[in-house]
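Have a look at the model first, then read on.

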Amino acid sequence: MEHLLQFYAIYGSVINFIGINALLALSLNVTLSAGMLSLGNAAFAAVGGYTAGILSLRFGFPYVASLAGGTCAAGLVGLVIGLPVLRLKGVFLAMATLAFGEVVRLAAVNLDVTGGAEGLTGIPNVTTTWMIYLVLAAAAYFIAMLRRSRLGWGLVSMREDETAASSLGIPVTYYKAVAFVIGAMLAGLAGGMYAHLNYLITPRDYGFFIAVDLLIYNIVGGTNIWYGPILGAALLTALPEVLRGAGVTAGPIRMGINGLILLLVILFLPNGLASLFARRRSSAVKAGA
Amino acid sequence: MDLLLQQLINGLFIGSVYGLFAVGYTLVFGVLDMLNLAHAAIFTLGGLIALWLVETAGVSLWLAFPMACVAAGLLGLLLNQVAFAPLRKRSDSQFSGLISSIAMAIIFEAAALGLFGARSVRFPVGTVPTHTWQIAGITITLLQVGIVCVAASLMVILTLFIGRTRTGKAIRAVGENERAATLLGINVNGIIAFTFFVSSALGGAAGILFGLYFNNLTPDMGRSIELKGLAVIILGGMGSIPGAILGGLAFGLSEVLTVAITGTSNLRDAVAFAVLFAILLIRPSGLLGRGKTREA
Amino acid sequence: MKLVGRALMGVVIGIFLLSAVATTAFSASFKMGFVFSMTGGAAVYGASQKEGASLAVDQINAAAGSGLKIIPIFEDDASVPQQGTNVFNKLINGNKVSIIIGPTLSNTAKITDPIAQKAGVPVLAISNTISGITEIGDYIFRDSLTENVVIPHTVKVAKEKLKLKKVAILYGNDDAMTKATYEVFKKVLKSSGIQILGEQTFAKGDRDFSPQLTQIKAQNPDAIICGALAEEASGIISQARQLGIPKTVRIIGGNGFNSPGLIKNAGAAAEGVIVGAAWNISSTAPLNVKFVNDYTKKYKHAPDQFAAQAFAGVHIAYQAAKASNGGSDRKALRDAMAKIKNLDTVLGRFSFTEGRDANHIGVVQEIRDGKFVVLGN
Amino acid sequence: MNRLLVENVSRHFGGVQALEDVSFIVEPGTIHGLIGPNGAGKTTLINILSGLLSPSSGRMNYRNHDLHRLAAHQVAAIGIARTFQNIRLFPHMSCLENVQAGQHVTSRRSLLPRLFHLPSARREDRDLCERAMAMLARVGLDDKVSYQSRNLSYGERRRLEIARALSLNPSLLLLDEPVAGMRQGEAMVVADLLRSLCREGMTILLIEHNMSFVMSLCSRITVLDFGRVLTTGTPAEVRACREVIEAYLGTTGEPHA
């Protein structure tokens with residue numbers, strides 16, 4: 001027990017960040033599972049984070065109300081952005097959401113209400129580890145169940161073949177918008193929790209490279225199953241600390257290892273690390289049968 | 001008036017560097033339909049290799065320039081071999097190629113950081129002649145003129161090469177339809193590798209010119225141009241070489257004109273990306289895009 | 001093969017045991033944690049800081065004999081606040097350090113320092129210059145002069161010497177430090193009756209400043225006030241001269257300009273640049289001369305202000321540790337820190353203010369013949 | 001009105017006239033063939049009927065719905081299912097999942113009961129799974145339930161696609177070359193399947209190049225050539241029609257199909 005407490009004292013913040021990053025990765029997974037590559041989820045997290053932070057800080061909203069406000073604001077922005085951009089496909093959708101993300105970041109830099117480059121300071125520090133993991137568990141469960149619902153079947157079908165999906169009665173455009181908004185809301189929730197985890201959020205917490213990181217978490221972990229993004233986020237968030245523990249402190253080497261892991265996964269595990277587990281399970285099933 | 005003219009010259013200059021960077025970007029996209037996000041890292045390495053050749057190996061710039069371009073091209077071949085070729089047959093190759101190129105970008109940047117350190121490095125004084133013209137209140141440097149000329153001639157050569165030569169035609173054929181190209185007896189893998197070579201060599205050239213002019217090379221200098229390069233190829237139309245050149249100029253001009261018109265630079269990047277967003281909504285194929293519908 | 005493996009294992013275990021014995025044998029030592037940005041955007045500063053701090057630690061330990069020694073633990077926060085948080089938790093709870101020196105970036109400090117405050121671990125900031133750092137709590141100290149101290153002084157001296165009437169401002173608006181520089185400048189310029197002709201901004205990582213400088217040139221200011229880090233500053237300076245902004249239009253910078261890299265990178269264009277600083281390399285105080293010599297000998301390049309502040313920081317913390325009976329008690333160490341008075345450092349004679357900020361005299365320097373020289377005090 | 005009514009449908013792509021004034025009627029409960037040389041516009045017509053393309057002019061009506069006003073998913077929702085000439089299965093899904101994906105309009109699969117693990121959700125899932133299994137059995141793929149669809153043979157994929165279309169519970173089935181690439185025996189199995197579906201009251205419109213298959217199966221046939229209807233009639237009438245023979249044999253006497 002004492003060891004556990006000691007471990008938490010040292011690595012508590014890492015554990016928190018793993019949870020937040022996993023939640024963000026899950027938010028992206030909703031759209032990815034429908035075959036839409038969005039680079040806008042960091043921006044939705046920004047909308048949620050700043051809204052929740054401002055609600056707490058300037059208007060004295062209670063924590064849960066601030067989070068709800070941030071989540072809804074992100075969902076609303078997701079709807080407004082989603083409707084026009086969703087007719088774009090593949091790389092073009094990625095670019096449009098990327099441009100949107102940059103505009104949001106630059107807005108945060110230039111507006112007064114967001115505190116500019118110095119960021120929004122003094123946000124009450126109320127998010128705790130159990131809250132993060134409770135929300136993460138709920139989100140993972142939600143996504144796992146979503147997969148089995150009509151919407152979930154529709155989204156996966158769309159990723160496989162949009163034309164065929166529409167011929168099966170799946171309202172592709174509508175479902176895309178719904179997935180986009182759900183993803184935006186989850187990202188907004190994660191952003192709001194993150195804002196209340198530190199004392200400060202800055203525009204740099206939500207830039208292009210964060211959006212790319214979310215994509216990487218999904219790819220490394222695997223997009224096909226709910227625990228894939230969580231696995232990816234956990235591994236890559238903990239990696240710097242693991243390497244630090246192993247004595248690898250030199251910056252370039254750590255960075256190189258990061259890149260190498262990503263490369264190896266994409267080359268040899270196209271369905272991510274999660275496929276290792278899935279493969280074992282299915283072979284167990286075969287052995288049993 | 002002087003002010004506006006000077007700004008236009010500024011825009012023309014930076015736009016031609018963007019264009020040269022984006023040409024390589026768009027070339028790979030045109031052939032493979034894949035985004036190569038490691039292009040910015042090769043841009044950086046191109047500049048750093050040239051610097052190393054000039055400073056440490058003592059090679060004159062006239063020799064170092066082509067040597068560094070070739071080195072960047074070879075990095076492109078490596079990139080193709082490691083990150084793209086193994087994925088080509090996969091059904092989600094467009095997507096996985098994006099990711100593997102990000103992985104290579106991280107590895108390249110780590111290599112640059114390890115080899116050259118985090119501090120910014122610069123070409124030794126006197127690497128290029130410095131001369132400045134003052135014409136009616138407008139300032140132009142010899143280096144600027146040189147860079148615009150080099151960028152323009154590289155782009156002209158490339159356009160002629162793609163349009164006129166056998167290999168260029170083969171590149172276009174592969175871009176149009178890989179299977180048909182194979183049936184025509186084109187060595188598709190060879191052509192793709194060659195495209196990576198040319199694209200990366202051009203990216204390296206852009207990196208050298210960028211490094212020479214701003215004379216401030218860091219391992220992460222590709223990052224700031226990466227997003228702009230993406231914007232440029234969207235603006236010009238994915239896969240279109242004249243589009244990338246035009247898009248580069250348009251993007252460079254939009255940056256300086258935002259500053260010139262609003263009198264402040266707060267909105268410079270925001271305007272550029274808002275324009276990009278609008279273009280995607282109104283005309284996703286870009287200014288000179290082929291409008292080819294890419295159906296799944 | 002097996003034998004070799006076992007022998008190797010034996011050696012490893014032996015070294016491990018020896019080192020364990022070694023650390024327990026010299027009980028007269030304390031752990032000092034360093035959180036610097038050794039990779040990422042602020043790696044340039046982190047590199048200098050690490051060099052300055054290592055030099056100080058090595059010299060102190062070599063001179064200590066059987067006296068109090070420092071066990072340094074260097075960690076990299078990769079210029080990312082998240083990793084800064086992780087590193088702080090590790091140093092405080094894992095390594096159980098007595099004091100933390102760093103982090104490099106003010107933004108990271110705003111997130112990490114409350115952690116140390118809560119845990120009761122003293123922090124000595126050596127490069128955070130924005131306001132609101134030491135206000136986090138009574139365990140937070142800093143030896144870097146804030147922009148609030150340096151800039152008014154700079155403006156006063158510059159106004160006297162150059163008869164400034166109207167200036168243009170150029171600053172990075174997406175970085176906390178450069179933005180803070182800008183805000184302080186703006187306030188001070190207004191209160192000293194200098195007209196601001198216009199404000200231009202740039203973003204981190206920009207290389208091309210000619211559109212902004214072209215606008216500034218057209219406004220014909222007496223001087224350009226610049227809030228930029230050294231990376232961008234050298235580009236701004238050389239491009240300003242290239243665009244034909246005459247040398248009589250001085251460029252005046254904030255803390256970010258304090259780097260020999262600026263002179264190296266901007267070359268002749270850097271002549272005449274004015275910058276307020278906490279430390280001047282050409283100061284002839286013996287302590288400083290020795291520091292500059294030792295540093296240059298060890299690292300083959302001259303130190304900058306960041307290295308000097310790191311070097312001084314280690315000495316300040318070491319003095320406090322000595323005064324607090326070995327530095328292993330964090331609370332006692334904090335109290336001893338607060339009592340530091342008139343300590344001779346490379347930054348000059350050093351004391352903390354009531355608010356635990358640096359209280360020493362800054363200098364206004366200009367670049368002349370490729371060197372930072374004192375313009376006025 | 002359960003008839004499928006196609007009236008003066010035209011469609012051009014740029015300057016190319018793919019369909020011109022196409023009109024015919026498909027009677028309910030029959031198997032209707034659509035034949036013609038390559039490029040006659042058959043697939044275009046199916047794409048227009050299923051809502052993937054909109055006609056340049058003309059109207060189509062089925063069960064009082066104006067098809068030309070509906071999007072593809074709405075066409076599916078009123079009970080019109082289709083297969084594709086170039087087989088568009090979901091490659092990374094198993095056979096069972098492919099068929100289950102086709103249950104979109106015939107299932108509820110609400111999210112809420114699933115979130116709360118209500119028995120109703122489990123019952124529905126079990127029920128849908130059983131129905132999908134039955135559908136696979138019907139097309140003879142019950143031994144390939146968990147195979148990924150991309151690992152099936154060509155003929156098996158065609159049959160799986162039909163099973164997927166059938167799980168929409170359609171009243172009108174549009175089949176684009178359902179037996180192309182199949183061996184004779186396999187084609188006969190499909191023919192039997194289609195006949196039994198027809199007996200159960202389903203209307204089927206199919207494109208096929210295999211003449212003996214079409215002639216033996218269809219009660220009426222529409223012949224397209226260069227986007228125009230040459231004739232509509234019983235197999236015997238069509239076989240006797242001079243224009244059809246000319247279209248197929250061409251003036252040079254070269255067979256197209």
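A salt bridge is a side-chain nitrogen of Lys or Arg within 4 Å of a carboxyl oxygen of Asp or Glu. Between chain B and chain C the count is one salt bridge. Arg268(B) forms a salt bridge with Asp206(C), and the closest N and O atoms are 2.5 Å apart.

Some notes on reading the model: it is predicted, local features need pLDDT of at least 70, side-chain atom pairs count only at pLDDT 80 or more, and totals for chains, interfaces and linings use all residues. Residues are numbered from 1 along each chain as its sequence is written, chains are lettered from A and ligands numbered from 1 in the order in which they are written, and side-chain values use heavy atoms, with hydrogens and water left out.

## Two faces of chain B

Contact means heavy atoms within 4.5 Å. Of the five pairs of chains in contact, chains A and B share the most contacts. Chain C and chain D, by contrast, do not touch, and their nearest C-alpha atoms are 34 Å apart.

| Interface | Residues in contact | Buried area | Polar contacts (both residues at pLDDT 80 or more) |
|---|---|---|---|
| Chain B and chain C | 32 residues from chain B, 31 residues from chain C | about 2700 Å², 44% from carbon and sulfur atoms | 13 residue pairs |
| Chain B and chain A | 40 residues from chain B, 36 residues from chain A | about 3400 Å², 83% on carbon and sulfur atoms | four residue pairs |

Which helices of chain B supply at least two residues each to the side that touches chain A? They are helix H3 (61-84), H4, H9 and H11. Helices (H or I, at least four residues) and strands (E, at least two) are DSSP runs, numbered from the N terminus. H4(B) gives the most to this side, with 15 residues. The residues of the side of chain B that touches chain A divide into 28 nonpolar, five polar and seven charged. Here Ala, Val, Leu, Ile, Met, Phe, Trp, Tyr, Cys and Pro count as nonpolar, Asp, Glu, Lys and Arg as charged, and the others, Gly among them, as polar. Between chain B and chain A the count is zero salt bridges.

Now turn to the contact of chain B with chain C, which takes 32 residues from chain B. In chain B, Arg119(B), Arg122(B) and Phe214(B) lose the most area to chain C, together 21% of what that side buries.

## Aromatic rings

Rings of Phe, Tyr and Trp (its six-membered ring) pair if their centres lie within 6.5 Å; planes under 30 degrees apart count as stacked, over 60 as edge-to-face and the rest as tilted. Over all chains, a search of the whole structure finds 32 aromatic pairs. The rings of Phe44(A) and Phe100(A) have centres 5.3 Å apart and planes at 45 degrees, so this pair is tilted. Phe44(A) sits in helix H2 (residues 41-59) and Phe100(A) in helix H4 (residues 90-110) of chain A, 56 residues apart, so the pair links distant parts of the chain. Buried means under 20% relative accessible area, exposed over 50%, partly exposed in between (1.4 Å probe, protein chains only). Phe44(A) and Phe100(A) are both buried. In chain B, one aromatic cluster is formed by Phe13(B), Phe21(B), Tyr25(B), Phe43(B), Phe210(B), Tyr213(B) and Phe214(B).

## Two residues of chain C

Is Ser98(C) buried or exposed? Ser98(C) counts as buried because its relative accessible area is 5%. You can find Ser98(C) in the loop between helix H3 (81-95) and strand E3 (99-101) of chain C. A polar atom of its side chain lies 2.7 Å from the backbone oxygen of Gly327(C). Leaving aside neighbours within four places in sequence, the residues in contact with Ser98(C) include Phe30(C), Val121(C) and Leu333(C).

Asn359(C), in strand E13 (residues 358-359) of chain C, is partly exposed, with a relative accessibility of 43%. Not counting residues up to four places away in sequence, Asn359(C) touches Arg349(C), Phe350(C), Ser351(C), Phe352(C) and Thr353(C).

Notes. Buried area = accessible area lost by both parts, 1.4 Å probe. Polar contact = N/O pair within 3.5 Å; in protein donor to acceptor, adjacent residues only side chain to side chain.
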